[in-house]
2 protein chains.
Amino acid sequence: MKNKLLVAGLLLGSSVLAYGQDEKLDMATLDKIRQEGMQRSQVMETAFYLTDVNGPRIQGPGYVKAANWCKDKLTGWGLQNAKLEAWGDWGKGWAVERCYLAMTAPYYKSMIAVPRAWSGSTNKLQAADILFISETDTTALENYRSKLKNKVILLDQSFRISPSFKADADRFTDEELQKMAGEAAGSRGQRMQGDSSMRRLMQAMRSRNVFNQKMRKLAKQEGALGILNTTQTSKDGTLFVSGDYANAALGSTPDDLADLSIAVEDYLMLCRLMKANVPVKLELDVKTKFFADDIKGYNVLADIPGTDPKLKEEVVMLGAHLDSWHAATGATDNAAGSAVMMEAVRILKTLGVKPRRTIRLALWSGEEQGLHGSKNYVANHLVNTATNQLTKEGQNVSAYFNVDNGTGKIRGIYLQGNEAAGPIFSQWLKPVNDLGATTVTIQNTGGTDHLSFDRFGIPGFQFIQDRIEYNTRTHHTNMDTYDHLQPDDLKQAAIIVASFVYNAAMRDQKIPAKQPVTAQQATR
Amino acid sequence: MKNKLLVAGLLLGSSVLAYGQDEKLDMATLDKIRQEGMQRSQVMETAFYLTDVNGPRIQGPGYVKAANWCKDKLTGWGLQNAKLEAWGDWGKGWAVERCYLAMTAPYYKSMIAVPRAWSGSTNKLQAADILFISETDTTALENYRSKLKNKVILLDQSFRISPSFKADADRFTDEELQKMAGEAAGSRGQRMQGDSSMRRLMQAMRSRNVFNQKMRKLAKQEGALGILNTTQTSKDGTLFVSGDYANAALGSTPDDLADLSIAVEDYLMLCRLMKANVPVKLELDVKTKFFADDIKGYNVLADIPGTDPKLKEEVVMLGAHLDSWHAATGATDNAAGSAVMMEAVRILKTLGVKPRRTIRLALWSGEEQGLHGSKNYVANHLVNTATNQLTKEGQNVSAYFNVDNGTGKIRGIYLQGNEAAGPIFSQWLKPVNDLGATTVTIQNTGGTDHLSFDRFGIPGFQFIQDRIEYNTRTHHTNMDTYDHLQPDDLKQAAIIVASFVYNAAMRDQKIPAKQPVTAQQATR
């Protein structure tokens, strides 16, 4: 998820570079980082294992298999204490074991279908009629009570899809980057919108699902076989698929109702045929599996220990969520970020750098269902949840750097309202300006794991990345596959992350935390 | 298929209007055509029946069902002599009855798959290993003879797909149209490139298929289950699928080998896994059916009889191919053209026009496999195939108008090298200039049924249409569905076709045939 939020306050621009000229950069090491990252990159090999070889990394065996592969790989590279760390109880794991849907009358057409996450099963290949429901009022659902047995439910949708006169892929233009660099800082209230906006979005999603949930409950009670879904964003065989994770909650009994996302073209055709009273028959075979043997959620952690006696208790963190949705192999969301972060520590370890502070890589889980992995890591380690104050360990975190906006190369960094970090990062970007990374913006970006740090005042940042086809083709889709990764972009990103992490680990001071914004600044 | 060909010769531009000012247009009727086409259009309803309700219109029951629906609809609208006319022996019909493919190891992933036309079956749900073949030399195939049993064959492909930085959909710009209008006419030799270029293209396709054909033959002999295919044009869930029609030839024994087009993302992933020696398992269930009870090919024909005793033997023809490939419902290729042509005659019939010449609608079959319907219509009716001279019936055809370039609105007309028709059509376009149709180009366009007329000197034309997403998303794809049709564009096209056909039917003279191009002109 990605929510960019504008905030108001102090202007940041090239002029701010004037008050940060004391950054001492270890240019020799930065050069080596670039050489290693460009000439001996393993980022695509890592991505290949996380996607093609591993498969979807949704909570359950798919995630755990990938997490163990990462742990072993990180250990192999020489990182210390590589481990899976349980962050708490998540609930049941889930995986798809078969998915087939076709129309068999008025003619045969196989359909592009993916079970929504935590969907149930049909138990075998079944023939089925459609029950077409035009109502959107939950009270009207009772009228269908006796009509649901062995039916597949289709809720009326009549929107039209449009051909795209805009390219699926793009990169930030110079103008866009300059505009971002010129944005103003905001009040703390506005700055926290990242979190609250995401909460509102998820609330809206939940409301929209109330009807569907009631529908599903009734459908299960009455012995319906399945329910079909689509989204207006789906097109051309690209499906956007996520899922309801209520079914994964501890103790819940998964219902045997096949909950399928299908191609919008197939969905709208079925609606038109039903409205025209053309008899339609389906056949479907959906088999999913729930895993209750291990209900814990796990993050992957690994360190490059610090070497400065005075600073080695301090930590520079870098992370990305390793979990994914399941319709494809989560290549851009977020094998990309995970592979970039792993490549960054591989580069540093391979070069044998001796960081003053400890460098800690975290690969999170449960991000897609609400940043669970990172939130719980912060709660378990960095914050006293009774007082909301940072623990000693929390105070020792200099900064957290996150990558989770797809395959695009890094164009700069979001300050997340942290004005004091601006001049530092501007200088850190100078050696990689030629790679296209130039922009420091006071802007916030939301929807991913740096928020778990930022909300407690730990400097948490995410990089600005070119969008490529993140919002049009890959983000939460069945097309989020290895082939949609851009090797040159990922190499560049790993080099820049490695540079930032190294700089942060070597700096005399930690990255400054955000200053409280005054009322005067907030209204400027 | 669509091949635009540049030709050299006389310049045509706005100035040519000067020598065609004698066109007498029945503006009252043209206004009525526009009113009927805009306000009471049935073009989308027709398209709905041809696509959603009928399904794929590939040779066989799918095509015949649609053809009969058209015949009945045309009769209902009051056209005369609506009929299916056999044009000769085609071969076996074919239809898909089930298609399912998934990877089951290293993890489960259902795949987007469509049988190539005239594919055989697997007979039931089967589990299978992959036989991965890197060789491209047919002599190397013998080495695999003993290894094929129950395998699914995967031929190595290692191209990369790229994100699209260009929009899927576009319309002709004013500049592009002006350039087309300014193109020069060419020699007869160049002008005929439409045909020969298509032949070359098909020859290239055939050569490329030689390896696959040999592979398939060996595979069948040895009891392989199937073979996988993809194309570099496929992307994002959009598959380009056609097929080999050798299997449809009379007397051929279809082999039970599942010949599947699959999503390029799935195909390349399988290649990568095989190259990395990761054990891969598939399961697939493909059932197709061949129909040998009626091996004839049929066109649909219907008339609005002429009323002028001196001219009613003459005929103005309009047509489009009704057949389609099978991966979707052939909405833009070419339910669009068929619906537009049907709508054009519906408008004329509804208005009760009394055309001087007979207006004849033709909906062709077998276009996708080589313009069979239109070629055979011409051979059966319009040309003495012994002498290649026009029959009396052929001499009586004033013109043939074709639509087969997708859902886009009409922007003008290709003269197909017929210079004398230019000033006539320029004037005919004037009343519809405001609808975006302005351009007369001497250019050729190829790949469809007007060529069957043009090659014998019968004035045959196709309209210039906005491309929308024809080449990127719909042409011969699994996404060529009703939802990719643009209602306003199709309404506009039907109005313009109806106007052209009406003007041609009322004109004192037939549309002039092409003049032989002199050597001097050819080299200008």
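**Helix packing in chain A**

Helix α11 (residues 421-429) of chain A packs against helix α14 (residues 487-506) of chain A at an angle of about 125°, and their axes lie 10 Å apart. The model is predicted, local features need pLDDT of at least 70, side-chain atom pairs count only at pLDDT 80 or more, and totals for chains, interfaces and linings use all residues. Residues are numbered from 1 along each chain as its sequence is written, chains are lettered from A and ligands numbered from 1 in the order in which they are written, and side-chain values use heavy atoms, with hydrogens and water left out.

Helices are DSSP runs (H or I, at least four residues) numbered from the N terminus. Axes are lines fitted to C-alpha atoms over the stretch in contact, and angles run from 0 to 180 degrees between N-to-C directions. α11(A) and α14(A) are therefore oblique to each other; angles under 35 degrees count as roughly parallel, over 145 as roughly antiparallel, 65 to 115 as roughly perpendicular and the rest as oblique. The crossing of these two helices is right-handed, the near helix being turned clockwise from the far one by less than a right angle.

In α11(A), A:Phe425, A:Trp428 and A:Leu429 meet A:Phe500, A:Asn503 and A:Ala504 of α14(A), where contact means heavy atoms within 4.5 Å.

Helix α1 (residues 27-39) of chain A and helix α8 (residues 331-351) of chain A pack at about 120°, with axes 10 Å apart. α1(A) and α8(A) are therefore oblique, and their crossing is right-handed.
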